[in-house]
Amino acid sequence: MNCRPLTAKEVRALYARHLSRDFPPAERKPLAAILSLLRRGRYLCLGGFAGEELRAYAFFTRVPEGPCWLLDYYAVCQGGRGQGAGSAFWRQLPGQLDGCQGLLIEVEDPDTAPTAQERETRRRRIRFYLKNGARETGCRCRLFGVEYRILFFPVARDFPDREIPALLDAVYRATIPGPVYRRQVAFPPAGE
């Protein structure tokens, strides 16, 4: 699999064909917001290709002044799931993340899933990231009403769990307008 940055034109096509199908409307940033962040150097979109065929993609929120980036979207395209493409793509990502020391990964908390099926889907996502080198941090976040567990994947270095909330908060503050941030971002105390 070949991993490379996507052009704005490729991002538009991917958004229409894949991202809009792979993620529910409530989880999708507007395409205009993604393209604006991309133009400003605050976003990176990578594609994993087998020949010319897109097999997987990952979008990251970059904060150039911060050491860690946020994994915003990660998906294997339909037809390629369950065949190792996700892990193969993941192994190539560190080589494309210039300036990134670690990845912050939001995963929806299985304990808040509305159904048993959704709970298992969330647990499967967590297992994927753990199998591929991420670790649990104990950090939790409530973002736009959704409860997340925060995982961490060291790219160039690891950070202690106690630093994860501040690293994640710096990404949110750099990308979410102040009034929206105050209403929609919370870090519940551990155990809540």
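Biologist: Which way do β6 and β7 run, and how many bridges join them?
Modeller: Strands β6 (residues 135-143) and β7 (residues 146-154) run antiparallel, with six bridges joining them. Strands here are DSSP E runs of at least two residues and helices are H or I runs of at least four, numbered from the N terminus. Two strands count as paired if DSSP finds at least two bridges between them.

Biologist: What's the bridge partner of Cys141 in β7?
Modeller: That's Tyr148. Before we go on, this is a predicted model, where local features need pLDDT of at least 70, side-chain atom pairs count only at pLDDT 80 or more, and totals for chains, interfaces and linings use all residues. Residues are numbered from 1 along each chain as its sequence is written, and side-chain values use heavy atoms, leaving out hydrogens and water.

Biologist: OK, what's the strand order in the sheet?
Modeller: The order is β1-β2-β3-β4-β5-β7-β6-β8, an open sheet of eight strands with mixed pairing. At the edges sit β1 (2-5) and β8 (185-186), each pairing on one side only.

Biologist: Which strands does helix α3 touch?
Modeller: Helix α3 (residues 85-92) packs on the sheet and touches β1, β2, β3, β4, β5 (102-108) and β7. Contact means heavy atoms within 4.5 Å.

Biologist: And β2, is that mostly covered or mostly open?
Modeller: Mostly covered: seven of the eight residues in β2 are buried. Buried means under 20% relative accessible area, exposed is over 50%, and partly exposed lies in between (1.4 Å probe, protein chains only).

Biologist: How does β2 pair with β3?
Modeller: Antiparallel, over eight bridges, with Leu44 standing opposite Phe60 in β3. The two strands form a hairpin with two residues between them, and Gly51 in the turn has a positive phi of about 65°.

Biologist: Switching to α2. Which residues are buried there?
Modeller: In helix α2 (residues 31-39), those are Ile34, Leu35 and Leu37. They span an arc of only 160° around the axis, so they lie on the same side of α2. That arc is taken from the directions from the helix axis to the C-beta atoms.

Biologist: What covers them?
Modeller: The cover includes α1 (8-22), β2 (43-50), β3 (53-61) and β4 (68-76). On the face turned away from the buried side, α2 carries the exposed residues Ala32 and Arg39.

Biologist: Last one: where is Arg123?
Modeller: Arg123 is in helix α4 (residues 116-131). Its relative accessibility is 38%, so Arg123 counts as partly exposed.

How values were computed: Axes are lines fitted to C-alpha atoms, for helices over the stretch in contact, and angles run from 0 to 180 degrees between N-to-C directions.
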